[in-house]
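These are my notebook entries on a single model. I record below what I looked up, entry by entry.

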Amino acid sequence: MKRQSKSRRKSNSQSAASSSGTVSDTALASRSWLERLPLELVAEVLSYCSTTRDVLALARTCKHFCAVLVKNPSTDFIWRQVRMRAYPRPMPDPMPGLSEATYAAMVFDAGNCESCGQHTRLLYTSFALRLRICDKVRPCRTWMILNTREISEEDKIRYPDILQWIPRMEKGQYDIVVGNGIFVRTDSWKQAIDEFRMARELGPDAMSAYVETKQVMADALPAKLEFYRKLSSWRDQYTTEYQRNAASLEASASARATKAGYSKWQFMQSPTYSSIHHAKLRCLENWHHNEYEHIEEKVLAEIVQQKERIINREKEHILKARRHSVEDVYKRLQQDTTLLPPLYEFRKLSVVKTYEASSSKKSPGLSDAFISEVLKDNLEQWVETARAGLAASLGYPAWKTMSKRLLHPVDRLTARFLCKKCSAAGKDAGVDGGMDFASACRHECAHLSKKARATQRWNAYNFVPDQRAVDAITQVLELCGAKAEEVESLRVVDSIGARIQCTTCKLTMDVRGVACHCKRHDESSFVLLAAEDIASIDPPAYGLSAKLLERSADAAAQRDEKAYGCRLCMTQFAFGTTDSSVSAGGDQTSHPPAQYRPKWMSFNGLRSHLKERHGIAHLADEDFYRQKAPASDSDST
């Protein structure tokens, strides 16, 4: 047998004790003070309630009061006493078979308007039809007129049997009944007619069963109509008193708010006053003499606190909007310039920091002409500081020159940097080409958490020269007959193009690929090919691999195309080498010899091929080429 949990055994023991009338000391200690009151005192307190709505609310608070007030027939006298003392006059007795708790729930429970679906606390518009309509006059009252039907004289003649039992709307303040007219739900009337016709068509036996069933409903209908008529009359008077009391409470709130110098809305934001106001509204009570004076000081203090919270909330909203505005400006600047600090460092610029700290609605934005100029000056100062700091890390502290033929150390091709923090964390695998000056300015350590990046500060001290990349680029510049410090070196390198060949794997590339490629081999060296040697070779499409690795639908579609060929396999075929002699090689031409038939692959298939066949885990642009038209399935793998 499965053992019950401790809480289940405790609940069962308490329920058994409640039903038997004896409660243990432990169970008594775990109850609230209200539950510890004797039943006689509870009955006396509840007898002063204005309606059975309050008794129903107490019965729904916990299992104890549900067992005492709902499941215990001996406590029905409490409900009857409250009904007899109900305001503004006693409620009618319930119908036979309807318990007191069910009666109270039927009268006072809220529900949805059948027209608009909005939740409303208004009582039923028609108890007999269980019809609930909210107080929206035009749409909802119109819906009620369209969905109820007045029984005509013709209907009375054709279907007299149906009229003996079908529920109809009682007369009252909120209905549409005029004179002695009979109003029913339109759908109920159609359903009753269909049911009557079906029974008549099925034969005498079906008709006898139909008459027998409906006769029971017809016998009970007069008593139900009388009960609903009395209940509807009580509801109309109750609703009138409720509206009168609500108007009085609203007037009292307006008068007190005006006296204190606040609007009624601000006054009702006080939790103390609002809770008492709505409690009195539900109980149809009004403020007693000097009752408000006892809580006035607390209410005014709460209003002041609420105003302060609203002001602080507005300030927080403005500050949040300003932070989003700074992000938008930063994204726009990224499109216009490449020399930008990281976003967390951008926020620390003096003008941006002042803008984000201001919660005034009248202060100008970053798009203001003057603010834009100040921001431009701040960025120029930051870039100059970064230039000096990174130049010092390259071994050029306090570098200055007036010559226009010399490049600043960070603008040279040999200016390649590594982040010390990323290298120490093992995030620099030694396969990338380092960072140039613009990349170093934008660098954010990816291994840090979002919280750590928010407190991080950019510092040139965190960067060191990428010596392997610097040595490789220096070697290439010597082959070209150029010097890194000369402005002319940039033009010379651009004119050479992809004529640089790795002596180890025979790949050709331009200077952009040298910084990364030199780290594939323990010892790398390069040669400069003649222009006629590469006339038939298509240069690598630099930036293609980064584009294909993007997280976008367009990039995913391009990756699935079987239009990518491996240059390394072509190189091995052209030079007659194998994987044992070429660790990471590949011919650069997209026009292989006639006897060589390339294998077209998808981009992800190409990456797997390079890793498994050639041992290249990090793909570069010079490792592959793309076919202009996707290959057919017969030519692809």
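I take contact to mean heavy atoms within 4.5 Å. The model is a predicted one.

**Entry on Arg322**

I began with Arg322, which is found in helix 16. I listed what Arg322 touches, leaving out residues up to four places away in sequence: Tyr355, Glu356, Ser358, Ser360, Ser363 and Pro364. I then asked which side chain of opposite charge is nearest to Arg322. I did find a polar atom of the Arg322 side chain 2.8 Å from the backbone oxygen of Ser360.

**Entry on the nonpolar cores**

I noted that in soluble globular proteins nonpolar side chains tend to be buried together. In this model the largest nonpolar core has 34 residues. Phe346, Leu375, Leu390, Phe417, Trp458 and Phe463 have the most contacts inside it. I looked up the elements that each supply at least two residues of this core: helix 16 (296–336), helix 17 (343–346), helix 18 (350–357), helix 19 (369–393), strand 5 (417–419) and helix 21 (437–442). Helix 19 gives the most to this core, with eight residues.

Not counting residues up to four places away in sequence, Leu390 touches Val410, Phe417, Phe437, Ala440, Trp458, Ala460 and Phe463. I recorded another core, of 33 residues, lying apart from the largest one; Leu477, Ala484, Val514 and Phe624 are among its residues.

**Entry on Ser489**

I next turned to Ser489, found in helix 24 (residues 488–496). Is Ser489 buried or exposed? Its relative accessible area is 0%, and because buried means under 20%, Ser489 is buried. With residues up to four places away in sequence left out, I found that Ser489 touches Leu407, Leu413, Ala482, Lys483 and Ala484. Leu413 is 76 residues from Ser489 in sequence, yet their C-alpha atoms are 8.3 Å apart in space. I also noted that a polar atom of the Ser489 side chain lies 2.6 Å from the backbone oxygen of Glu486.

Strand 7 (residues 500–502) is joined to strand 8 by two bridges, and the two run antiparallel. I looked up the bridge partner of Gln501 in strand 8 and found Thr508.

Technical notes
Residues are numbered from 1 along each chain as its sequence is written. This is a predicted model: local features need pLDDT of at least 70, side-chain atom pairs count only at pLDDT 80 or more; totals for chains, interfaces and linings use all residues. Side-chain values use heavy atoms; hydrogens and water are left out. A nonpolar core is a set of buried Ala, Val, Leu, Ile, Met, Phe, Trp, Tyr and Cys residues joined through side-chain atoms within 4.5 Å. Buried means under 20% relative accessible area, exposed over 50%, partly exposed in between (1.4 Å probe, protein chains only). Helices (H or I, at least four residues) and strands (E, at least two) are DSSP runs, numbered from the N terminus. Lys and Arg count as positive and Asp and Glu as negative; His and the chain ends are not counted. A salt bridge is a side-chain nitrogen of Lys or Arg within 4 Å of a carboxyl oxygen of Asp or Glu. A polar contact is a pair of N or O atoms within 3.5 Å; within protein, one must be able to donate a hydrogen and the other to accept it, and residues adjacent in sequence count only if both atoms are side-chain atoms. Two strands pair if DSSP finds at least two bridges between them.
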